Amino acid sequence: RPPQGGGRPPSIAPPGVRHIIAVASGKGGVGKSTTAANLALALAGRGLRVGVFDADIYGPSMPRMLGLAGRRPEVEGDRIQPLENHGLRIMSIGFMVNEEDPVVWRGPMVMGALEQLLRDVDWGELDVMVVDMPPGTGDTQLTMSQRVSLAGAVIVSTPQDIALLDARKGLAMFRHVNVPVMGIVENMSYYVCPNCGHREEVFAHGGARRAAEELGCPFLGDVPLDIRIRETSDAGTPIVAAEPDSPHAAAYRSIAERI
Ligand code: ADP
């Protein structure tokens with residue numbers, strides 16, 4: 001419903017959730033969901049109560065990434081129970097639709113679904129909710145920025161994406177709606193050949209650090225392109241949980257420490 005009298009629309013933030021962090025990207029395929037899942041696991045590893053809200057309505061990937069594909073949440077009366085895995089409480093529109101079915105909703109239906117998942121899900125008491133946002137700067141971003149008090153946004157970018165301005169637009173949007181940008185993560189930053197150890201800067205590593213400096217926001221760290229990061233996510237246990245002693249898990253933990 002549009003705000004009455006020009007005031008701020010009413011908040012739909014779940015009452016027991018202390019901090020809500022949006023993980024966003026300028027475009028799809030840069031590793032936003034992978035980063036969101038691993039940051040959530042890293043935060044949970046510090047003893048925090050963590051929820052994951054998959055707001056990527058058109059391409060929900062949390063059910064598969066967090067090992068809950070094909071599962072359905074329990075509904076008690078008008079309350080929806082979040083699913084749990086790897087110590088996280090998780091809700092995704094992906095639990096409500098079949099994985100093969102494309103979500104062909106118009107904007108208002110999407111906003112209705114988002115609102116319902118925030119309002120009617122029993123999130124309980126959480127220290128942090130990590131929100132996997134859809135890519136870009138559309139309706140969901142505006143709804144989440146205006147109707148949920150976001151503690152901040154983490155922008156995920158490949159070195160190339162930030163050079164090509166997509167990620168900068170996302171950053172500008174959050175600033176415009178007064179959501180603090182917690183910083184930029186450079187994903188697929190470089191590639192180390194597992195056979196010879198040669199390091200290849202596939203997308204010209206370092207773009208995000210430079211952009212962060214230029215834009216006056218923190219640089220949170222970089223994550224290399226590595227097959228284990230993809231394989232562990234595809235298998236439903238992201239690398240922070242699957243291989244906690246790996247350097248990649250350490251990279252995600254260090255990023256989580258800075259947010
Ligand atoms: P987005 O949410 O931005 O669309 P995803 O997190 O779904 O992107 O990642 C897109 C694909 O790239 C997935 O298959 C994922 O496993 C893979 N991927 C993401 N980050 C990395 C990485 N650092 N190394 C290897 N594969 C990655």
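Predicted model: local features only at pLDDT ≥ 70, side-chain atom pairs only at ≥ 80, totals over all residues.
Setting aside neighbours within four places in sequence, His-205 makes contact with Pro-159, Ser-189 and Tyr-190. Because 19 C-beta neighbours lie inside 10 Å, His-205 counts as partly exposed; a residue would need 20 or more to be classed as buried. A further point of reference is Ile-259, which is 54 residues away from His-205 in sequence. In space, the C-alpha atoms of His-205 and Ile-259 are 22 Å apart.

Attention can now turn to the ligand. Its shell consists of 17 residues, of which Gly-31, Lys-32, Ser-33, Thr-34 and Arg-230 are the closest. Two or more residues of this shell come from each of α1 (32–45), β9 (181–192), β11 (219–225) and α8 (227–234). Sorted by class, the shell around the ligand comprises nine polar, five nonpolar and three charged residues.

Helix α1, a contributor to the ligand shell, also packs against helix α10 (residues 247–258). The axes of α1 and α10 are 9 Å apart and meet at an angle of about 75°. Since angles of 65 to 115 degrees count as roughly perpendicular, this description applies to α1 and α10. On the α1 side, the contact is made by Asn-38, Leu-39, Ala-42, Leu-43 and Gly-45, while α10 provides Tyr-252, Arg-253, Ile-255 and Ala-256. By class, this contact between α1 and α10 has six nonpolar residues, together with two polar and one charged.

Note on methods:
Residues numbered from 1 in each chain as written. Buried ≥ 20, exposed ≤ 12 C-beta atoms within 10 Å, placed from the backbone. Contact = placed C-beta atoms within 7 Å. Near = placed C-beta within 6 Å. Helix = DSSP H or I, 4+ residues; strand = E, 2+ residues; numbered from the N terminus. Nonpolar A, V, L, I, M, F, W, Y, C, P; charged D, E, K, R; others polar. Axes fitted to C-alpha atoms, helices over the stretch in contact; angles between N-to-C directions. Parallel < 35°, antiparallel > 145°, perpendicular 65-115°, else oblique.
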